[in-house]
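Please keep the sequence and the 3D view at hand.

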Amino acid sequence: MEITKKSKTVFGTREWAAENFNFINGCKHDCKYCYSKAMAIRFGRKTSKTWTIEEIREKDLNKNITKKKKVVMFPSAHDITPDHLAESLIVIKKLLKARTKVLIVTKPHYECIKKICEKYKKYTDKILFRFTIGSSDSDILKYWEPGAPSFEERLKCLKYAYKSGFQTSVSCEPMLDNNIGIVIKKVLPYVTDAIWLGKANFLLGRLKINKCNDKQTIRKALKIIAWQSDKNIKKLYKKYNKDKKIKWKDSIKKILKLSRPDKIGLDM
Ligand code: SF4
């Protein structure tokens with residue numbers, strides 16, 4: 001992978017797509033570290049307790065989507081859950097009809113992925129799946145992402161999308177333990193595009209806003225922060241930097257003092 005110091009620095013979801021589309025306030029997955037939850041609480045749209053109530057914004061759902069030049073990431077501020085799968089299918093259809101390439105980013109439920117793959121099987125060249133998997137340990141996932149699917153279900157989704165001929169990728173951001181190599185090993189055979197590695201950004205601050213700052217959670221958060229020390233990140237980079245499928249999020253590039261023109265797939 002070529003490294004350049006000239007490319008413009010981008011971070012967060014902008015590293016993946018210039019535009020995104022969302023139509024729900026709230027998310028049943030209720031991840032303790034969630035940025036969208038922190039923003040919703042900060043701006044009075046939700047409380048830490050009401051975040052799990054998914055409310056459809058009809059205006060956004062009914063919005064006309066005109067042709068976009070670039071890839072659109074869907075969703076970026078909520079997730080695709082079985083409760084609102086029907087509406088998510090409508091949005092994906094509108095994006096595809098607008099001849100847009102769609103980057104579907106989700107902690108995947110098998111029911112949802114199966115339906116999307118079946119319904120849009122003609123669009124394998126227009127859809128890139130990106131499944132978030134920050135640990136291969138379902139207990140760890142359950143702790144940090146209590147409403148989201150287990151590791152086994154996410155892996156099953158990845159295999160299904162891959163076998164259905166779609167473009168596939170994985171996001172290990174945030175990495176939730178110090179064994180990310182296990183995730184990489186298990187998902188690699190089913191990834192056509194890339195595996196993104198990223199740190200847990202602003203973890204303590206987010207936990208505080210999201211009211212997840214009990215003693216046990218802070219203890220676990222401090223462990224993650226220690227695992228993701230600059231020294232350990234450099235070791236991780238050394239181990240995987242020759243692997244063309246591994247890509248580094250901004251949180252890691254900053255430590256390595258690199259900027260690189262990583263492609264997100266779908267010929268961006
Ligand atoms: S799945 Fe995404 S939007 Fe939903 S709670 Fe987790 S981080 Fe937030």
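The sections below treat the model, a strand with its neighbours, and the nonpolar core.

## Basis of the report

The structure is a predicted model, in which local features need pLDDT of at least 70, side-chain atom pairs count only at pLDDT 80 or more, and totals for chains, interfaces and linings use all residues. Residues are numbered from 1 along each chain as its sequence is written.

Strand S5 covers residues 102-106, and because five of its five residues are buried, the strand is largely enclosed by the rest of the structure. (Buried means that 20 or more other C-beta atoms, placed from the backbone, lie within 10 Å of the residue's own; strands are DSSP runs of E with at least two residues, helices are runs of H or I with at least four, and both are numbered from the N terminus.) Val102, Ile104 and Thr106 point one way, while Leu103 and Val105 point the other way.

S5 pairs in the parallel sense with strand S4 (residues 72-74) over three bridges, pairing being defined as at least two bridges found by DSSP. Here Phe74 stands opposite Ile104. S5 also runs parallel to strand S6 (residues 127-132), joined by five bridges.

## The nonpolar core

The largest nonpolar core has 64 residues, and Leu103 and Phe74 are among those that touch the most other members. (Such a core is a set of buried Ala, Val, Leu, Ile, Met, Phe, Trp, Tyr and Cys residues joined through C-beta atoms within 7 Å.) Helix H6 (residues 151-163) gives the most to this core, with six residues.

Notes: Buried ≥ 20, exposed ≤ 12 C-beta atoms within 10 Å, placed from the backbone.
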